[in-house]
Amino acid sequence: MIFTCEKQKILEGISIVQKAITGKSTMPILEGIYIQTNQSTLTLIGSDMDVSIQTSVDATIIREGSIVIDAKIFGEIIRKLPNSTIKIETIENQLIKITCEKSVFDVVYMNTSEFPALPEVNENLKISVNQNILKNMIKGTSFAIAQDETRPILQGILFEIKNKSLNLVALDGYRLAIKSEFLDTDIDMEVVIPGKTLNEVSKILEDIDDIVDITFTNNHILFNLEKTKIISRLLEGKFINYNSLLPQEHKLLVNVNRQELQNAIERASLMAKDGNTNLIKLELQQDNLIITSNSQLGKVREEITIKLQGEEIQIAFNSRYLLDVLKNVEDSEVVMKMTSGISPCVIEEKNNENAKYLVLPVRLMR
C-alpha cells in the first residue's frame, strides 16, 4: 500500500473515525483505525462494535492495500507533522513508513483480517433530513437522556416516525424533551438509538442544509453523509409511552421572556448548590414571578415580569433541569403550563410548536 495525502485532509478523517474508538473493547484490533486504499479513494474506519464510523478522504493512490494502525499513535503523529503532503507506504516487517518533509516514522501495523466487518444495512428503506435540522433536534433532546444504567432503554433517544412527523424523545424520570419536524414520508416506525451514538453523530453533522440519509434495520441504524457513514446498533426494548406522561389540561399559563428567566434562575441557583437538589422556589403572581433560594450559603430573591393566566401558586424545581430546557429553547418567549405545585410543568416555545419539555417539580416539606 502506498498513497500520498494532504495533512489536513487525513487529519480530518482521523478525527471523524476516532469518535467511534473508545479504547474500552477487549479486542486490541478495535483500538486501531482500518485504512484501505482503492483506485482514488482512501477509506478510514473506526469501530467499537456498537458504533462504526467510515469516512473517505481524497488521496493519491499509488498502490492499493489495507492495514490497521493504532488510532492514538497514528493520530498524534499526523497531528504533529508539518502542514504538507504526507506519504504513507507499507514496508517489510509489518511496518508502515510515514514521510512528511524531513520527518520519517516507521510504525508497526496490525493485520486487517481480525477487524470486524461493518454490519450490512439495506439502504432502500430510508428517510432524508437536513443536517442542520437533525443536529438541532439532537441538541434539543440529548440533555434529558438518563445517566442511570439501571434502565438502559432510557439511555437512548426514541427516534419515531409517525404521521409524517419525525419525533426525537428523551426522558430520565425527572424531565422529558420532545422535538418534532415534518417529514414527507409514509414510513411509520420507532427505534431507540444510544444517546452516546447520537451525540457523536451531532458532532459530525454540520450546520448546513445538506441532506443526511438515514436507514434502519431491526438491529442497526445508518446515517449516511456525503463522505461519512455512521452505523450504530439500536437499543433493545420498548420505550416508555411518552404521550401518557404529558398532562392533557392545565389550570394556569405563564408567558415569560426566556433570557430573563434563564438569567434569574442562574443567579438564584448560585445559592442552591447546597446538597444535590439545586432547589429553587417559584412564586407565581399575576404580574411577577419571584424566585428564591435558601441554603447554608445564604439566600437570594429574584423578581421578573410575567403574564399569568390562572391562579397564583408556589412551586419548586431542581434549577438544573429548568436551565437545561431554557438553554435549548430558541424562541425569545416561553410558555409554562401548570396545574398545581406538585404536578408537572410543561414548557413550550411561544412561536414554535415543534418543541415540548416537561419538568417534574420538587415536593416542598410543609
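## Two loop residues

Lys164 is partly exposed, at 31% relative accessible area (buried means under 20%, exposed over 50%, partly exposed in between, with a 1.4 Å probe and protein chains only). Lys164 lies in the loop that links strand E11 (156-162) and strand E12 (165-171). Although Lys164 is not a glycine, its phi is positive, about 60°.

Gln94 is found in the loop between strand E7 (85-91) and strand E8 (95-100). Its relative accessibility is 36%, so Gln94 counts as partly exposed. Phi of Gln94 is also positive, near 55°, in a residue other than glycine.

## Basis of the model

This is a predicted model, in which local features need pLDDT of at least 70 and side-chain atom pairs count only at pLDDT 80 or more, while totals for chains, interfaces and linings use all residues. Residues are numbered from 1 along each chain as its sequence is written, and side-chain values use heavy atoms, leaving out hydrogens and water.

Helices (H or I, at least four residues) and strands (E, at least two) are DSSP runs, numbered from the N terminus.

## An open sheet

Five strands, in the order E5-E1-E7-E8-E9, make up an open sheet with antiparallel pairing (two strands pair if DSSP finds at least two bridges between them). At the edges are strand E5 (60-63) and strand E9 (103-108), each pairing on one side only.

Strand E1 (residues 2-6) is joined to E5 by three bridges, and the two run antiparallel. Ile2 stands opposite Arg63 in E5.
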